[in-house]
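Please read it with the structure open.

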Amino acid sequence: MIPGLTTRKKLDKQVMLPILVIIIVIFVFNVISAIAFLNSSVNKHVKDTLDWIATVSGLATNINASTNKSLENELNDQLSSKSSKLVEDLVREGNALNNEKLTNMVNNYSLNGAYVIRSVDQKPSIVHAVNRTIWNELVVIDPRINSVGFYQSVLNRDLTKLQGSFVDNVWVSPYTLMPNGEYLKLTVEYIVLRNEFVLTVDAGIVTAQAVNLVNSNKMIESILGSSPSIEEAAVIDIHDYLNRKMFFETDNNKIHPTIYGKYTYADKTDEDYLIALLKYNKSITVPFNKNGDEWTKAFLPINNDQAAIVVFNADSKQALSKIVTWLSIISNLLAIVAIGFSVFIVVQKRLKPIKKLESHLKKVAAGDFSGTVQINEKNELDSLGEIINDMTSSMAKMIEKLNQTAAEDVRSTEQVFIENMESLMISMDSSRHDMRNHVNVLHGLIQSKHFQEAQDYMEEIYKDLKEIDLTIKTKNPYVGQLIRSKVKVAESRKIDFDAEIDYETFEEVKKIDLSRLISNLIDNAFDAVQLRGSDRKVFFSLRKKYDSYIEIIVTNNGPEIEEGVKAKLFERGFSTKPIDVTNTNGDNSSTSERGFGLAIVQDIVKQYNGEHKVESNEQATSFFIMLDVRKST
């Protein structure tokens, strides 16, 4: 048994005591809150509920029946006028009328469709039509429009068989709901001179407004009729209510005139409440007695002219009791969550020394034996910390011995490396000896005037050197060959050209893209140093960075590039080269070819989500290119 682990009861007490205190505090708070809520005023909760109903139900929409009727009458007049003008155009066209001309007329009057109909064999037949799709949908919705009886009713102005209304000689339908949710209005007019009927379809902005009205009414009916606590609801004009004679005899069940709904519980005090409603623009709730039960009447402001009156029956109190019950359940659930969270916090506090132990052990696992763990919890964890510290110290001593053994192995390995290096130096001396032999052979062949044999011998030597150089410089043959060609150009233009290339294939970049980048950047550097009389230097670097990026750096000691010019360097067609600068091929660059090299570089950099930067001073100018070659996932 490990000594010191003798305080288990003390640790349990430290954990459980705070949890017990938290549970008691939360329980007391929950009981007090429930009692306070149950003792609060029922009327206030009803008032808050009514305010919510007034906001959510959309009663703020100005529902005015007379205005809506005027709006529809105005729309009907507009549609009748359009229909009459269309009939005049049809009569004017006579037999020359066709679908194309009818289409132009429909567009001129902003209609959605038009149909010229004639009775053939006691059946309606469409002579000309614009928008057959709407016609087919209308036939499904109201098959009567495809019957002779329908048009006979229009001719006879028989509203007993037709819905809608007549404006002059034009019949205008009520709103028709289409399958796509759009509301339309139809007009039908008889053309005496052609013995035909014309049916038009219109779905203008005014129609959409009327649809909003219909939807508002449906919404109000749905919300106000959804609760059993609401006995009745009505929307009234406040000024009309105050200025006209009231019906106070509620026992006679007289209904006061309303804009919407019904109101059978009016009394003389309503006037005072409505005046207060106008003055303060706040909802008012009033209790009243109904057959021994306590009911509630609510006055809700809509705007400066209208108000809603809602009568709640005794079920409202029962509903409130249910709310109280649910709130009590929710508060208890919240209390349980709070207790659980408190337990979590306490446990986390008790786990703090264990986390110290975990952190220390992770350092030990990573090879750091220098630290110790300090725990002062005055329980069994203190002893555990001391044991771990002793174990760490022992492991540190053991690792030190292992390191000594490893150091001896390293020294042995270094000796082997030195011997191999000596062998390599001997091999290099042998290579130098071979080179002297090659030179002696060539010298002899030339002295004896065996020039062809000397040339063949040199080609063999060059082939061997080329293969060796390719292996040393780069694993990418295209890059190697390109750099070698640039070396030749640099020699011809007396430029000191140096290159450093990682031993990589650079296969993440397309060969043609890499070639164009390198060529344009080096050519640009060669041109930059061309004006120097001597000491022309260009340095090229191609490296792999972090396995995800390829870096290209080209530096030259040409003239400094001004800040204002840097921003234009990569613009297509912009160039700082004089016209007489010799290009990499040795001829003169034409003005049509100048200013495209760096623009091509910028396009390629964008393809690889890369970045480019230019730094320039009196000593040197450097172009930095970074390509992102990460594979997309």
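**Charges and burial**

Q: In which helix is the place of Glu-459?
A: The structure here is a predicted model. Glu-459 sits within residues 451–473. That run is helix H12.

Q: Is Glu-459 buried, partly exposed or exposed?
A: The relative accessibility of Glu-459 is 48%. Buried means under 20% and exposed over 50%, with partly exposed in between. Glu-459 therefore counts as partly exposed.

Q: Which residues form a negative surface patch with Glu-459?
A: Patch members need over 30% relative accessible area and no salt bridge. Glu-459 has 48% relative accessibility. The residues that form the negative patch with Glu-459 are Glu-453, Asp-456 and Glu-460.

Q: How many residues apart are Lys-82 and Asp-202, which form a salt bridge?
A: The closest N and O atoms of Lys-82 and Asp-202 are 2.8 Å apart. Lys-82 belongs to helix H3 (residues 65–93), while Asp-202 belongs to strand E7 (residues 196–202). The pair links distant parts of the chain, and the separation is 120 residues.

Q: What is the N to O distance in the salt bridge of Glu-93 and Lys-101?
A: Glu-93 is partly exposed at 27% relative accessibility. Lys-101 is also partly exposed, at 32%. Their side chains meet in a salt bridge with an N to O distance of 3.2 Å.

Q: Where is Arg-572, the salt-bridge partner of Asp-603?
A: The closest N and O atoms of Asp-603 and Arg-572 are 2.6 Å apart. Asp-603 lies in helix H16 (residues 597–607), 31 residues from Arg-572. Arg-572 is in the loop between helix H15 (563–566) and H16.

Q: What share of the contacts with a separation of 6 or more is between residues 24 or more positions apart?
A: The chain has 16 helices and 17 strands. Of its 633 residues, 35% are buried. Among contacts with a separation of 6 or more, the share from residues 24 or more positions apart is 59%.

Notes
Residues numbered from 1 in each chain as written. Predicted model: local features only at pLDDT ≥ 70, side-chain atom pairs only at ≥ 80, totals over all residues. Heavy atoms only, no water. Patch = residues over 30% accessible without salt bridge, like charges linked within 9 Å, V, L, I, M, F, W, Y side chains within 5 Å. Areas by Shrake-Rupley, 256 points an atom, 1.4 Å probe, with all protein chains shown as cover. Salt bridge = Lys/Arg side-chain N within 4 Å of Asp/Glu carboxyl O. Lys, Arg positive; Asp, Glu negative; His and termini not counted. Charge placed at Lys NZ, Arg CZ, Asp CG, Glu CD. Helix = DSSP H or I, 4+ residues; strand = E, 2+ residues; numbered from the N terminus. Buried < 20%, exposed > 50% of the residue type's maximum accessible area, 1.4 Å probe, protein only. Contact = heavy atoms within 4.5 Å.
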